[in-house]
Amino acid sequence: MSDQSTFERVCAIVREQGGLDDTELTNDTKLADVGLDSLAVVEIVMSCEDEFDVEIDPDASPATIGEFVAIIDGLLEN
Amino acid sequence: MIRTPICDLLGIEKPIFQGGMAWISDASLASAVSEAGGLGIIAAGSAPGSYVREQVRELRERTDRPFAVNLMLENPSADEVAEVIVEERVPIVVTGAGNPAKYMKAWTAAGTKVVPVVASVALARMMERAGAVAVIAEGTESGGHIGETATMPLVPQVVDAVSIPVVAAGGIADGRGVAAAFMLGAVGVQVGTRFLVAEECTIAEEYKDLVLKAKDISTVATGRSIGSPVRCLKSPFANRYAKAEREGAAAEELVALGTGALRKAAKDGNYDEGSFLCGQVAGMVTRREPAAAIVDDLLEGAERALREATKWVS
């Protein structure tokens, strides 16, 4: 288990995907609002799967950072 | 003769898909391509389920060969069309402009084979896992809804990432393009723009004339500012749209500007107000001919190109 929280690790993936080093990200940040389109969201889903070793339901389509975190924490608990 | 694994997988004779183009790919064009041994595709576009049902039944009166329906996932009636696909026992569904995951279970349970159009490696991997039997890797050279990556880099990366067959799309209009797609690892191609001028294609003659006159630099991609890029011919409509985007128009304003523009192009041939979707290969499309002649020319050209390809190798 990493020392970083799920939120921090998801943010790192989102920043890398979108080149968003200087953008503040919160649980409420909508991915579309920081310029990430549907293809980028798919990319983040797949990167999170690799990072957390989980399988995210392809039907889930999370729209905010917080939704990503909730889905991943739910999968990690099981 | 060229025969590849996609032929056996889908029960088709020739590995040529005719692209599902909104307001364009109807029963007339799709049945002609299927009857010629390729895969004819009816496009739902933004139409309701009743239109798709009618087109599927009309196609079945003209051919008993396999065909597909293309469901554009931004269609406001997507749920309804997804159900019609199940009810009408459509053998193959091709999806575009998004992620079809929520429909995949119902379709695969009904025996419908799902072949999503993908514009990235990650979406291809996700679709393979969700049960797709093949994917169409479509580069940004295509007409209509597009991604950012071009066919040449996209296809081999998708081929390397998935174990299902890959069909290449975007920038293919003759046998050389088909042969190149095979070299990249694809086992079939999807062609849209060249079929615009097929005799069985029912679009306005003015649209066909514009495609026949187009050159290599005649297309432009608009809609990037709202995350939904679309490639079309440069035209008064495309210019107005691009100008509105440059001036920072709101998403709702741009959507309103685009409403009805596809129909005005395809059905009315309205040069001033229509959006004439078209790929970068338009400059290679030079003559009207039957769909069957296009299918055969693509494959005969590919066979010639592939046979000649060894001439530099000693």
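**Figure 1. Exposed and buried residues of helix H4 of chain B in the predicted model.** On one side of H4(B), B:Asp79 and B:Glu87 are exposed. On the other side lie the buried residues of this helix, which spans residues 78-87: B:Ala78, B:Val81, B:Ala82, B:Val84 and B:Ile85. Viewed down the axis of H4(B), these buried residues fall within an arc of 160 degrees, so they line one face of the helix. This model is predicted, not taken from an experiment.

**Figure 2. Surroundings of helix H4 of chain B.** The buried residues of H4(B) are covered by elements of chain B that include helix H3 (49-62) and helix H5 (101-109). Strand E3 (67-72) and strand E4 (92-96) of chain B also contribute to this cover. After H4(B) comes B:Arg89, with a positive phi near 50 degrees.

**Figure 3. Strand E5 of chain B.** This strand, residues 113-118, is mostly covered, with 6 of its 6 residues buried. In a regular strand, side chains alternate between the two faces of the sheet. From E5(B), B:Lys113, B:Val115 and B:Val117 point one way. B:Val114, B:Pro116 and B:Val118 point the other way, and the residues of both sets are all buried.

**Figure 4. Strand pairing around E5 of chain B.** E4(B) and E5(B) run parallel and are joined by 4 bridges. B:Val94 has B:Val115 in E5(B) as its bridge partner. E5(B) also runs parallel to strand E6 (residues 135-138) of chain B, and 2 bridges join this pair. Here the bridge partner of B:Val118 is B:Ala137 in E6(B). Together with helix H6 (residues 121-130) of chain B, E5(B) and E6(B) make a right-handed β-α-β unit.

Figure 5. Chain A has 3 helices and 0 strands, and its elements run α-α-α from the N terminus on. Its radius of gyration is 11 Å, close to the 12 Å that the globule rule gives for 78 residues, so chain A is as compact as a globular protein of that length. The C-alpha trace of chain A spans about 30 × 30 × 20 Å along its principal axes. Of the 78 residues of chain A, 26% count as buried. Among contacts in chain A between residues at least 6 apart in sequence, 56% join residues at least 24 apart. At the boundary between the chains, 11 residues of chain A are in contact with 13 residues of chain B. The side of chain A that touches chain B has 6 nonpolar, 2 polar and 3 charged residues.

Technical notes: Residues numbered from 1 in each chain as written. Chains lettered and ligands numbered in written order. Predicted model: local features only at pLDDT ≥ 70, side-chain atom pairs only at ≥ 80, totals over all residues. Buried ≥ 20, exposed ≤ 12 C-beta atoms within 10 Å, placed from the backbone. Arc of directions from axis to C-beta. Contact = placed C-beta atoms within 7 Å. Nonpolar A, V, L, I, M, F, W, Y, C, P; charged D, E, K, R; others polar. Rg over C-alpha atoms; globule rule 2.2 N^0.38 Å. Pairing = 2+ DSSP bridges. Right-handed = clockwise from strand over helix to strand, strands pointing away.
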